[in-house]
Amino acid sequence: MDIKIESSWKEALKHHFLKDSFMKLTSFVKDEYSKDKVFPPGKEIFSAFWHCPLNEVKVVILGQDPYHGPGQAHGLSFSVKPGIPFPPSLLNILKELKSDLGLDLPPNGDLTRWADQGVFLLNATLTVRAHQAGSHQKKGWEEFTDEVIQVISKEREGVVFLLWGAYAQKKALLIDETKHLILKAPHPSPLSAHRGFLGCKHFSKTNEYLLSKGKEPIKW
């Protein structure tokens, strides 16, 4: 089975691609795309990996599910393509950026510019059925993305992991805190952002840490 994924990731994850669980996941996903409307478009499932090769990862922002509305998901957690209105969680992320670093809201919600600087925008589940949140959970994606997090933890040093919300924070167990910085906050969803996401200053803290490690800060 040929997985169309960036070469450094393909090499690092090659053992996972041979597992029975991943074979079953691939079969499930192909079947879903053949009969239902599924997001993101097939060629964009691994966008985060293409934009951010393993040796370039500086920051990881972990989401849960891709957006399940038309035209929203394009393979980068929290990001939407130009022309798509800001989803509520993304709007709160951008509000925090303004509060933390004084950056005005950008013209669109496309975070590709972050990904191209080493911000790995990973969802725990990489596909979803239209209008059905969580529809592709517990099919094998989480096992795969847990492996991805562990590979980053093992292979890289001085990476900032931004874990927003209880779901993401459980992934801290996969990360070596002696080598990396883990920053936790409530989820940026309107249901919880006021409980500590707004005001967390994760963007300035991330850049301070990167500078302390001799790395280029992110141009948020």
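The model is predicted, so local features need pLDDT of at least 70 and side-chain atom pairs count only at pLDDT 80 or more, whereas totals for chains, interfaces and linings use all residues. Residues are numbered from 1 along each chain as its sequence is written, and side-chain values use heavy atoms, with hydrogens and water left out.

I begin with the core. A nonpolar core here is a set of buried Ala, Val, Leu, Ile, Met, Phe, Trp, Tyr and Cys residues joined through side-chain atoms within 4.5 Å. Buried means under 20% relative accessible area, exposed over 50%, and partly exposed in between, with a 1.4 Å probe and protein chains only. The largest such core holds 66 residues, and Trp9, Phe49, Trp114, Phe120, Phe144 and Ile152 have the most contacts inside it. Helix 7, residues 141-155, gives the most to this core, with six residues. Helices are DSSP runs of H or I of at least four residues, strands are runs of E of at least two, and both are numbered from the N terminus.

Helix 7 has 15 residues and spans 21 Å from first to last C-alpha, close to the 21 Å expected at 1.5 Å a residue; the expected span is 1.5 Å times one less than the number of residues. Its buried residues include Trp141, Phe144, Val148 and Ile152. Glutamine 150, also in helix 7, is partly exposed because its relative accessibility is 38%.

Which residues does phenylalanine 120 touch? Leaving aside residues up to four places away in sequence, its contacts include Trp9, Phe49, Cys52, Val148 and Ile152, where contact means heavy atoms within 4.5 Å.

Phenylalanine 120 also belongs to an aromatic cluster, together with Trp9, Phe17, Phe22, Phe46, Phe49, Trp141 and Phe144. Across the whole structure there are 17 aromatic pairs. Rings of Phe, Tyr and Trp (its six-membered ring) pair if their centres lie within 6.5 Å; planes under 30 degrees apart count as stacked, over 60 as edge-to-face and the rest as tilted. The rings of phenylalanine 46 and phenylalanine 49 are edge-to-face, because their planes stand at 75°, with the centres 5.6 Å apart. Phenylalanine 46 is buried at 11% relative accessible area, and phenylalanine 49 is buried at 0%.

I turn to the strands. Strand 3, residues 119-123, is largely enclosed by the rest of the structure, because five of its five residues are buried. Val119, Leu121 and Asn123 cover one side, and Phe120 and Leu122 the other. Five bridges join strand 2, residues 59-63, to strand 3, and the two run parallel; strands pair if DSSP finds at least two bridges between them. Valine 59 has valine 119 as its bridge partner in strand 3.

How many disulfides does the model contain? With a disulfide taken as a pair of cysteine sulfur atoms within 2.5 Å, the count is zero. Cysteine 52 is buried at 0% relative accessibility, and cysteine 200 is buried at 9%.

Finally, the backbone. Most residues other than glycine have a negative phi, and most peptide bonds are trans. The bond from phenylalanine 39 to proline 40 is cis, with omega near -5°. Phenylalanine 78 has a positive phi, near 70°, and is buried at 10% relative accessible area. Histidine 131 has a positive phi near 65°, lies in the loop between strand 4 (128-129) and helix 7, and is exposed at 57%.
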